[in-house]
Amino acid sequence: MQRRVFLQSLLAAGAFGLIPAGRSLATTPPVAADTLSVDQLPPMEGDLTLYLGRGEGGLYENVLEAIRQRNPKLNLQIRRGVTAALANTIVAEAKAGVRRADVFWAVDSGAIGMVADAGLARPLPADLTGQLKAGFQYPQWAPVTGRIRTLPYNTGRLTPEQIPDSVMALADSELSIGWAPAYASFQSFVTAMRLLEGDRVTAEWLRAISKRAKSYAGELGVVMGVERGEVDLGFANHYYTLRLKSGKPDANVDLAFTKNDAGCLVNASGVLALSEGDLPITFIRYLLTREVQSYLASEAYEIPLVNGVKPPVGLPPLNRVSPPRVDLTQLADLRPTLNLMRNAGVL
Amino acid sequence: MINWPLPRWPGSYPLALITALVGLMPVGVLIGLASEEAQLFDAHNLKVLINTLLLMVFTVLGSVLIGVPLALLTAYVQMPWRKLWLVLLAAPLAIPSYIGAFTLYAAFGRGGEIENLLGLPVPPMDGLVGATVVMTLYSYPFVMLTTRASLLSLDASLVNAARTLGMTLSESIWRVVLPRVATGIAAGGLLVALYTLSDFGTPAIMRLDTFTRVIFVEYNAFGLSQAAMLSLQLMVIVGLVLFLESRVRGNHERPGRHLALWPNRWQKLIIAVAVAPVTILAIVLPLSVFGIWLLREGTGGFQFSHAWNSVHASFLAALVAVVLAIPVAHAAIAGRAGRLMERVTYFGFGVPGIVMGTALVYLGLQLPFLYQTLGLLVLAYVLRFLPLAVGSVRATAEGLDPSLVKAARLLGASPGEAFRRVTLPLTLRGMVAGAALVFLEAMRELPATLMLGPTGFETLATYLWRVYEAGYFGRAAIPGLLLVLMSALGLALMLSGERRAEFDVTENHHS
């Protein structure tokens, strides 16, 4: 994967939507000709097995349920699991000469990279990848949505100035911190830190933070804990804060970003086809339709990656954000991260 | 008495032999898998071993500390509503320990349900301490029931003699009663050890790196070889515990009058206050947490198909297990070779679910027609829970008067006809009981179901696990309550069925 292009494009995508952020609600956004509506897609028929790397709760489920209802002749079977585990399963199955999944939808591009590197992904047609914004077009997989690591903080307890702009410096601060070490995105963040700063520094950081950290089961819990003032700030993907604020506009929480380190890692969920034929490709096309992308942007607050779909309301200007340079495929290498986190006693 | 010439090779032997060989298969698979590329032992492995042993030892100690006094209480102390006390104190067996771990984890700590509800800051429940507390709360009844059965077999006149000779009551319990029930305590303690070693959910939720948790992590990273190596190490420990258990034999005394102690009102109150925390933590708290979640979040996300899938797979497992149990049980009665075959099938009961899952995932990858099929999952259930069915079937078959079969043969029935028309109807009760036990154990099974379930096949237990993993705790209420209900039925069956001798809840069994 060409990481720089990917990152720059994601930034551009954010900026694209954000520069006119104030006006975008009033004006009709430009709709690129090549973004399809579900109405333009053929109905799907037959058996399709999807390996779904643990989705974002009910929202991905809603998308899949809508696809099912639109395509009554489609027999969609879903195997749910931790993204990295499913990626490993796919590779092990291929090694044993068994293939069960037709499509793999992962919340983490590292896992996608791992499967693609194993040579298991089928090439995608050019008119499909062409729907994605420039720089997001990969021959073997399609990014579905983007997400940024952020520091949600309690606005009643902190001002933006009190938050260090380096995630490493947080270890030396006196702030109380909420985190969800078991959550896949957090683990990708730790993997990124490992790659950027080395294992020893990362382990020290984990130990230092864990002294002032409160663990939550998921990152929505982290953001809610921050909002309730249980902790000063937390680690979470950007959309949890936006979702919380959409339901509670006066919530005591806002987003801060670190600079040029793992604290503002940019990642993407992605999808790839594992079996031949039109059905997996059509399924991927459904995920890239205007309807699904708008739904994920407006309801899940994820960053849409096809042309002509508005980014989520409330995403702060991304030109303020300088994500680190990390090879996203390496984020699939989870085991050293898990060992590190275990040895540091945080998992 | 006429001795009928027995066939040299009883009819049940071939089938029993095949079943026994299939039962050994997982170990063969694991050895083959582990020899591929696994590391034998490293530093992290040592930590896992220590954690596992510490959890086991602390849980056994905790269970003895809670279980023995409660056994004395339920056996000897004349409290009002004694039956109710006994049922209440045995009830933690009806709650799968992962449900206890899940709810206690959610209840304690900052932002936990207790703090949310009462505003009371409570320490978090996790790590070695949390896992020990949970495992103790849900396994002390093993010690309580085995010890109680031993206590009820004792003659009170020895205690009375000791008191007459000037010992105080507590001294005579310590020096006269307890030494004579040591084997009962040991038997319960070993059951607790076995239960703790094979439990997956509790260490996983409490985030304690024991063998079962690390095996699951390796499986998720598809380090199947390493998972197999860890599984074999765990099996060695399990084997040691099983060996010790087989050495523990009850000593039988001439039964006599039971000791009866009559507490006064204050003593009753003190006893009730002392016992309350155990019941509150083990029973009231999990059910309350589910209740709160149910009120707060309703029944969202739960589909009836989860319950149906559980029932479907468990029913198939029960059916297959009983069909296989019949030849094994009859072989066990028929001769020494048959008894050996029966012993071999017992082996599966000692294989933790996570280990069985690892072996069968690999088997499935080698035999793709089995991979991710319901058949493979049912096979895992059958291999694990076959001993429950064999035990039940054998117990009724042994009680069968052999002269009935001989009479049938004398009247001209072939062996097959005698079996069909005499043995089978008379042992039907045992088969039904065995099937029910397998059914209910399969319903609660978590790790093997997670690993082996077909795509899209969500059961109550796996749904509960997904909900835990995704952090949507509120959705656990319905599947959790259903699982508790199912397990309660299983417990009721166990207490009235095959293991009655061990887990005696009646008063006069021995007299």
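**Figure 1. Burial and fold content of chain A in the predicted model.** Of the 347 residues that make up chain A in this predicted model, 53% count as buried. Chain A holds twelve helices and eleven strands, and among its contacts with a separation of 6 or more, 81% are accounted for by residues 24 or more positions apart.

**Figure 2. The two assigned domains of chain A.** According to the domain assignment, domain 1 of chain A comprises residues 23-146 together with 269-315, while domain 2 comprises residues 147-265 together with 321-343. The centres of domain 1 and domain 2 of chain A, taken over C-alpha atoms, are separated by 26 Å.

**Figure 3. The side of domain 1 of chain A that touches domain 2 of chain A.** Here 22 residues of domain 1 are in contact with 14 residues of domain 2. On the domain 1 side, the elements of chain A that give two or more residues are helix H3 (83-95), helix H4 (109-117) and strand S4 (142-154), and H4(A) provides the largest share, with six residues. By residue class, this side of domain 1 divides into eleven nonpolar, seven polar and four charged residues.

**Figure 4. The contact between chain A and chain B.** This contact takes 31 residues from chain A and 21 residues from chain B. On the side of chain B that touches chain A, two or more residues are given by each of helix H11 (211-220), helix H16 (353-366) and helix H21 (460-470) of chain B, with the largest share, three residues, coming from H21(B). The residues on this side of chain B divide into nine nonpolar, seven polar and five charged.

Terms used: Residues are numbered from 1 along each chain as its sequence is written. Chains are lettered from A and ligands numbered from 1 in the order in which they are written. This is a predicted model: local features need pLDDT of at least 70, side-chain atom pairs count only at pLDDT 80 or more; totals for chains, interfaces and linings use all residues. Domain bounds come from an automatic or database domain assignment. Two residues are in contact if their C-beta atoms, placed from the backbone, lie within 7 Å. Helices (H or I, at least four residues) and strands (E, at least two) are DSSP runs, numbered from the N terminus. Ala, Val, Leu, Ile, Met, Phe, Trp, Tyr, Cys and Pro count as nonpolar, Asp, Glu, Lys and Arg as charged, and the others, Gly among them, as polar. A residue is buried if 20 or more other C-beta atoms lie within 10 Å of its own, exposed if 12 or fewer, and partly exposed in between; C-beta atoms are placed from the backbone.
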